Amino acid sequence: MEPPVNLVQRTLLVATAAVAAACTADSAMRSPTHPRLVVTTGTVTCPDTISVGQTAQCVAYFYDENHNLISPTTPTWSTTTSTLVSVSGSGQVTGLAVGSAVVQATYSGVVGSKNVYVKPGLSVSITGPSPLRKLDPCQWGAAVTGGTAPYTFAWSKAGGYGTGNGDTFSGYLVSSQMNLTVVVTDANGVSKTVTRAIIGDPNAPNCY
């Protein structure tokens with residue numbers, strides 16, 4: 001039988017080898033090829049303003065304790081003001097109502113956030129006379145508020161004749177009613193369609 005002192009020495013050797021192995025594994029985890037990532041901060045980028053009805057993409061960035069960007073990440077998206085904006089699982093936000101909204105991205109317990117202001121959406125009306133005599137040349141306009149300039153205009157008609165040029169339409173009725181339609185699209189791609197019935201009346205005053 002080995003003396004007790006040899007047994008103690010053997011036990012110490014085994015313990016020392018275990019500690020050395022643990023240190024080696026920890027060192028490998030912290031090596032440049034296997035860093036131990038600890039998320040400490042997060043930021044979110046979104047447009048500062050969007051319009052009601054507009055959809056925009058937000059992006060989240062998360063950093064470790066050494067301020068290095070962690071990539072890839074799959075954050076959970078949310079908002080504290082769901083009545084003003086909706087947020088998809090991929091970070092797309094859509095304006096629902098006017099006001100200041102908070103968009104959040106959460107990853108590994110760390111939250112990044114961004115304030116987004118939702119401004120009024122497109123509001124369009126067709127101005128000009130109605131009723132109107134048949135074959136009486138006249139002009140109508142598209143009055144636009146909200147959204148983001150510049151705007152584009154696409155006119156169409158049924159029961160009449162004429163062409164659109166920018167925010168105005170020039171033409172006349174060829175039947176008892178002309179349905180005049182304009183599609184307005186703002187710089188963000190948000191569109192609004194409005195139709196107005198222009199009524200024909202032989203007793204209506206001349207347009208000009």
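## An open antiparallel sheet

In this predicted model, 3 strands form an open sheet in the order 3-8-7, with antiparallel pairing. Strands are DSSP runs of E with at least two residues, numbered from the N terminus, and two of them pair if DSSP finds at least two bridges between them. Strand 3 (55-57) and strand 7 (85-87) are the edge strands, each pairing on one side only.

Strand 3 and strand 8 (residues 92-95) run antiparallel and are joined by 3 bridges. Threonine 55 has threonine 94 in strand 8 as its bridge partner.

## The disulfide of cysteine 46 and cysteine 58

The whole structure contains 2 disulfides, a disulfide being a pair of cysteine sulfur atoms within 2.5 Å. In one of them, the sulfur atoms of cysteine 46 and cysteine 58 are 1.8 Å apart. The torsion about this S-S bond is about 125°, so the disulfide is right-handed. Both cysteine 46 and cysteine 58 are buried (under 20% relative accessible area; exposed is over 50%, and partly exposed is in between, with a 1.4 Å probe and protein chains only).

## The disulfide of cysteine 138 and cysteine 207

Cysteine 138 and cysteine 207 also form a disulfide, with sulfur atoms 1.8 Å apart. Their link is right-handed, with 60° about the S-S bond. Cysteine 138 lies in strand 12 (residues 138-145) and cysteine 207 in the segment after strand 17 (191-199), 69 residues apart.

Cysteine 138 has a relative accessible area of 3% and is therefore buried, whereas cysteine 207, at 22% relative accessibility, counts as partly exposed.

## Basis of the values

Residues are numbered from 1 along each chain as its sequence is written, and side-chain values use heavy atoms, leaving out hydrogens and water. Local features need pLDDT of at least 70 and side-chain atom pairs count only at pLDDT 80 or more, while totals for chains, interfaces and linings use all residues.

Conventions. Helices (H or I, at least four residues) and strands (E, at least two) are DSSP runs, numbered from the N terminus.
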